[in-house]
Amino acid sequence: MSARYQPAPGLPAGRLALALAGAAGLLLSAALPAAPPVYPETKTVAQVDTYHGVEVADPYRWLEQDVREAPEVAAWVAAENAVTFDYLGRIPERAAIRERLAALWNYERVSVPFRAAGRTFFSRNDGLQNQAVLWVQDSLATPPRVLLDPNTWSADGTVALAGLAPDHGGRRLAYGVAEAGSDWNIWRVLDIETGEILPDELKWIKFSGASWTPDDRGFFYSRYPEPEPGTAYQGLQLNQYLCYHRLGTPQADDLVVFERPDHPDWAVDSVVTEDGRYLLIFVFSAATGDRTDVYVRDLTAPYAGARQLLGGFAHEYGFVGSDGPHLFFLTDREAPRRRLVAIDLRHPEPEAWRELIPQAKGTLESVSWVGRLFIATYLEDATSRVRLFDRNGQHVRDLALGGLGSVSGFPGRGDDTETFYAFTSFTEPGVIYRYDLATGESREYHRTRLAFDPASAAVEQVFFTSKDGTRVPMFLVHRKGLERDGSHPTLLYGYGGFNVSLTPFFSATLAVWLEMGGALAIPNLRGGGEYGDEWHRAGTKLAKQNTFDDFIAAAEWLVANRITRPERLAIQGGSNGGLLVGAAMTQRPDLFAVALPQVGVMDMLRFHRFTAGQFWVDDYGSADDPEEFRVLRSYSPYHNLKPGTAYPATLVTTADTDDRVIPGHSFKFAAALQAAQAGPKPVLIRIETRAGHGAGTPVAKRIEESADTFAFVVANLGMKLPRGFGAPAKRR
């Protein structure tokens, strides 16, 4: 599924939305606050819905209301936060955790550079800056300079850069701005040479980039109609359409290029080919996810309309590049692990397509067309492999990588002579390389350095058997010399949906968790994209229970192999992963000590009624369908809480301005869980302010939330932090 419409376009920064820290030279023993929390009284309502003849109660329906519009919901949020922050503030380890986290996050982070019209663009964060700064290097002979600094856009750091597109001549930059974590963006235009912000301002844009025409007089973008008052952050998004904006003109005068009011649930995106000749229009249906229709328009013919090139919403088509009338697409048509094909616009019928890179054993994750070479990145057992092919699909060479890790980057144009890429792993904080396309030489461009000793960590990949006999891979990361005695506090992290693959990564969070003596387990669940479309579909709709079975089997493997035991096991996931945690803890509350559902989809009967939720139907199904309703109700976390059950200690996290997965999901789940919980284990909800689904969250807020989250974990796993925890290592 396209990142445009995933519950999580990607995972939170660093892949884990948590972090851990401590103080040097202390022996810290976790102590729970003296008394269990006293929860605010949450009213219930007599709301009952009938689905296909089945009555379903929804007593907390009123908590779905937008906190901006409903004073009673705002009061409930304030009361719950007061209880949560009081509890967390009384955990002795919290201050040390925050201190260590802030210390370890204070390192330089640089993005993979890309070039346009001779200029090089990259982002950089000095360490504790709330937002990364966009830099530009005008030529290889000049030093870089700051182009955009989002840290100057708001006092609290909650306004972020949300997208950028330089024009063909390298004179202007279109860029998106997101406030308080919202998916809504305002797009503006900057003069790259002078730094002047032009008067152009485009609103009501979501899930869209900008594609410049070859004359650089304007660009294509997608927008929604202006919402009715009070509906912008909760209402269902319908009738997205494609526009062309001419610089210097008001948005009201923008030309509508493509719209389908007869299909309000369709969405649209676009790209202009590198030579500027063709506009490609991608149309998404709410029911089919990444399976798209594609239209093409010849921009050299002023009166030519868009003609359909690929139809039926039957397959994925990812545009890679073009060479004259030949368009290159990455597709799963007749290839569930994907292949690369060339389509000649003069003969676009499928029987005339030319296969350039056939389906292979590994999943073909991405292809770049740079320097007249195809750079193909594969996943093999959830780790990266890179192969290069020429214009005719002949193998040229493989790219040597540093072991089990993940590769990203390879931006550029068909006539470039070099590109950039990054390699990271569980023990490698990240190296950016400059790659010579002619010689195949990789030269180190930037190495991430922070106080972490990779030699202290061990990484292994294991395979376990799920409930139905399926073999599932899992990464284990822990300190070297781990004794398998069942004593180790372990974090089991998962996602399992929307074709998203969990591959090796590095984060300061992971480094500190290892310092604390913890182990991390990341299974590659069905529903993800690690093994192609078949693996993805095996964890969707009527088969969604496979995802939860895989996750539960991973936990059982950790216990059976004496990595940990249930009272030392925490589970975590965000967005679709929040659903995963909610389903697992309601199905097997005995198996976990701590549950951390973050910005989760918790009401599976109503998710498709809000914001972008309709675009998740391809993965989840819909309660409007009788058979899918039966399955959705069987695992929906909100609907499967049973009063009088002893659930794990739970910290639900969400944000008041999340307009991807509306916070009402978490509000309702937390209220119902507090009412159902038996025993003293706490059930808390932490509601961040002026934050959204994760993207653009300022570093300061990430640190505070991470410190709170892992203070909760430490207290409820009864962890003892090792002597010397938090002592600074040498910066690598």
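Here are some questions and answers about a pocket, a sheet and a few salt bridges in this predicted model.

Residues are numbered from 1 along each chain as its sequence is written, and side-chain values use heavy atoms, without hydrogens or water. Local features need pLDDT of at least 70 and side-chain atom pairs count only at pLDDT 80 or more, while totals for chains, interfaces and linings use all residues.

User: What volume does the second largest pocket have?
Analyst: On a 1 Å grid over the protein atoms alone, a pocket is an open set of points where a 1.4 Å probe fits, with protein on both sides within 12 Å along at least five of seven lines. A volume is the space filled by probe spheres set on the points, which are joined across faces, edges and corners. For the second largest pocket this comes to about 350 Å³.

User: Which strands each supply at least two residues of the lining of that second largest pocket?
Analyst: Lining residues have an atom within 4 Å of a point, and strands are DSSP runs (E, at least two residues) numbered from the N terminus. Those that each supply at least two lining residues are strand 10 (172–179), strand 11 (185–191) and strand 12 (197–205).

User: Which strands stand at the edges of the open sheet of 4 strands?
Analyst: Two strands pair if DSSP finds at least two bridges between them. The order in this sheet is 9-10-11-12, with antiparallel pairing. Two of the strands have a single partner each, so one side of each is left without a neighbour in the sheet: strand 9 (159–166) and strand 12.

User: How many residues apart in sequence are the parts that Asp468 and Arg526 tie together?
Analyst: Asp468 and Arg526 form a salt bridge (a side-chain nitrogen of Lys or Arg within 4 Å of a carboxyl oxygen of Asp or Glu), with the closest N and O atoms 2.8 Å apart. Asp468 lies in the loop between strand 33 (457–465) and strand 34 (471–479), and Arg526 in the loop between strand 36 (519–523) and helix 4 (533–537), so the parts they tie together are apart in sequence by 58 residues.

User: Is Arg526 buried or exposed?
Analyst: Buried means under 20% relative accessible area, exposed over 50%, and partly exposed in between (1.4 Å probe, protein chains only). Arg526 has a relative accessible area of 4%, so Arg526 is buried.

User: Which residue forms a salt bridge with Arg61?
Analyst: Arg61 belongs to a network of salt bridges that also includes Glu64 and Lys668. The closest N and O atoms of the pair are 2.5 Å apart, and both residues are buried. The partner of Arg61 is Asp58.
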